[in-house]
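Here are my notes for you, point by point. Keep the viewer open while you read, and look up each place as it comes along.

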Amino acid sequence: MPAWYDCRRMLAVDAKDLTKTFRSGWFGRRRKEALRGASLQVPSGTIFGLLGPNGAGKTTLLSILATLLLPDSGSATILGHDVVREAGAIRRRLNMASGNGSFVWSLRPGEVLSFYGGLYGLSGRRLRMKVDQLIEQCELGPYAKTEYNALSTGLKQRLAMAKALLNDPEVLFLDEPTLGLDPDVSIRLRAQIALLRRERGTTIILTTHYMREAEELCDEIAFIKAGRILAQGTADELKRQIRIGDVISLRLDPAAPRGLGDLPGILQLQARGEHIDCTVDAVDKRLPEILRWLYEQGVLVRDCQVHEPELEEVFVELAR
Amino acid sequence: MSSPADLVLRERVPETWFVEVVRTWAFARRNVIMARRNVFFVFELAFWPGVAMLSHGLLTRFLALDAKMTAFILIGTVALSTVQVCQLDVAYAVLFDIWSKSMKHQFLTPIGIRHMAVGSWLVGVARGVTVFALMAVIGSWAFGFDFVGGGPGSLALFLLGCCLCSLIIGLFVCSLVLLFGTRAETSAWAAVNFTVMFSGIYYPVSVLPGWAQVVAAGIPLTYFLDACRQGYGFEAQFTHAWLKGFALTGLYVVLAHWALASAITRSRGTGLLLKLSE
């Protein structure tokens, strides 16, 4: 995490109570509430993860923030601009790439980039330099003559990423950027995302179903479910917030004495012979207390291991 | 307090008239590339107009029409093909993105309707003029039809009128597609035929029923066809046909722009803009 992270909490994204209902069928009778008062604050220059099960409202929220969708109520600003009233100003400074993105079938990578570069107002030598730089950066050079439809999934996603960097965005939305990619391509893409934040100070908001990716990349994570943000914080904060707890696995001699479960901070106890798993609220505080108590009871601790919960467990718990 | 992103120097393109040209040119260039790479463009440009000119020309032979009546029919044939091809290019500004499910990328950029409409329309004008030239050559060679018979000024105004009508139809097609999604795709081909039916394409509007004549009077192409045919010695159906035609065109361009702007706002509200990208 960069040094300036805590001292400069200027918000790149500030969304308050966003709601969105999609209507379909005759006279819009069928309704689907996609967002039900979602609020989100994203500090400038951070990588922010938006996690949640399918249909939770991640893409809807990103689309509203990207000015592609109008909210029914609530407000949102990107870099201080209102997403409804000042969409034009936002679009100059924002971009988006998605894992299932697509471009016009007959265009080659350079032509796709030139087209969108032109829409951002780039022209002449400046456009050519930008396109060449992105083609090289995203390793698309050998496929310069290949039409979009003939590119592999990985190459299409690299092109989507290149397109998203055309206007040197201050805020970048990545909607499942590594979806369906080979592990090596995913690793390179994650490195590129981290580099963008480090070198350009870009605020990146990404949705992903890969918890390791979120844990590796994101400074902060929000968990969305049924159109509401249920929790927001760093991965460690989230783990603490939902109180899954850390697990201390002990091998005791003799087996677990009575009274261990009555100690403060122990959430759950599971004994299997001489092995015992204690789920505790905070391992730093509880481990010394447990060891001291066991010593006082005359119990010998033959082995002790600590397991911190994975973000995946947090996800499962919150999605329940 | 500055944000971390502010510490990085970002070179932004200033909003000038040149940037307006660049954005417009981007759409034009895309249409040109697509026209070069896709075989259906060849059919649009050469096959269908060629078939239309030959079949209608042969029909005039079969009916033993004189040169004046042949001109009446073939002017309609040319108008239909020119407007059809030119308006398709305007519609392609949206249709390419719908077919490739890439609609959202376009609307993520700071563009306006003017850029997509004018950029695509310019290519449409080039293709429309090409279609006209091809049909003029076939008509002249096979049926002895003189396309400049009404005078070069009249011909230029007629072509300009046809191209402006294409812009209007193309913008309305884009609006329909953004309102109703892929279900409205066929309007790209149907809209022209519907319009020309009322505008007296192969017949004077006086043969239409009364209510249809009222509709015809609201279509600019009606006036352009009438004015062009006057140059071949036909009696005028409307006074000041050129003036009325271009005045109506100006009104419809404004209306079509408003309709498309409203359709975009509505599709941002309903989520159709996103659905067209999935």
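**Notes on the two chains**

1. Let's start with one residue: A:L79 lies in the loop between β4 and β5 of chain A. Helices (H or I, at least four residues) and strands (E, at least two) are DSSP runs, numbered from the N terminus. A:L79 has a positive phi of about 50° although it is not a glycine. Is A:L79 buried or exposed? A:L79 counts as buried because it has 21 C-beta neighbours inside 10 Å. For that label, a residue is buried if 20 or more other C-beta atoms lie within 10 Å of its own, exposed if 12 or fewer, and partly exposed in between, with C-beta atoms placed from the backbone.

2. Before going on, some bookkeeping. This is a predicted model, where local features need pLDDT of at least 70 and side-chain atom pairs count only at pLDDT 80 or more, while totals for chains, interfaces and linings use all residues. Residues are numbered from 1 along each chain as its sequence is written, and chains are lettered from A and ligands numbered from 1 in the order in which they are written.

3. Chain A has a mean pLDDT of 87, and 95% of its residues reach 70 or more. Over residues 1-8 of chain A, though, pLDDT stays under 50, and the model has seven contacts beyond four places in sequence for that stretch. Two residues are in contact if their C-beta atoms, placed from the backbone, lie within 7 Å. Where pLDDT is low, the predicted coordinates should not be read in detail.

4. β4(A) and β5(A) form a hairpin with two residues between them, and A:L79 sits in the turn. These two strands run antiparallel and are joined by two bridges; one pair of bridge partners is A:I78 and A:H81. To count as a pair, two strands need at least two bridges found by DSSP. β4(A) (residues 73-78) also runs antiparallel to β1 (residues 11-24) of chain A, with five bridges joining them. Look for A:T19, whose bridge partner in β4(A) is A:S73.

5. A:E139 has a positive phi of about 55° and is not a glycine either. Its place is the loop between α4 (124-137) and α5 (153-164) of chain A. A:E139 is partly exposed because 14 other C-beta atoms lie within 10 Å. Then there is a cis peptide bond between A:D253 and A:P254, with omega about 0°. A:P254 is in the loop between β11 (246-253) and β12 (266-272) of chain A.

6. Chain A comes in parts: its domain assignment gives domain 1 (11-233) and domain 2 (245-319). Such bounds come from an automatic or database domain assignment. The centres of the two, taken over C-alpha atoms, are 42 Å apart. Nine residues of domain 1 and six of domain 2 take part in the contact.

7. Chain B has another make-up: 11 helices and zero strands. Its C-alpha trace spans about 80 × 40 × 35 Å along its principal axes. Of its 278 residues, 50% count as buried.

8. Where do the chains meet? The contact takes 35 residues from chain B and 39 residues from chain A. On the chain B side, α1(B) gives the most, with nine residues. One residue of α1 (residues 17-37) of chain B is B:I33. Leaving aside neighbours within four places in sequence, B:I33 is in contact with A:S106, A:L107 and A:E111. B:I33 counts as partly exposed because it has 17 C-beta neighbours inside 10 Å.

9. Last, the inside. A nonpolar core is a set of buried Ala, Val, Leu, Ile, Met, Phe, Trp, Tyr and Cys residues joined through C-beta atoms within 7 Å. The largest one has 164 residues, and A:L65, B:A91 and B:L171 have the most contacts inside it. Helix α3 (residues 67-99) of chain B gives this core its largest share, 20 residues. Domain 1 and domain 2 of chain A both give residues to this core, so it lies between them.

Conventions: pLDDT = per-residue confidence, 0-100.
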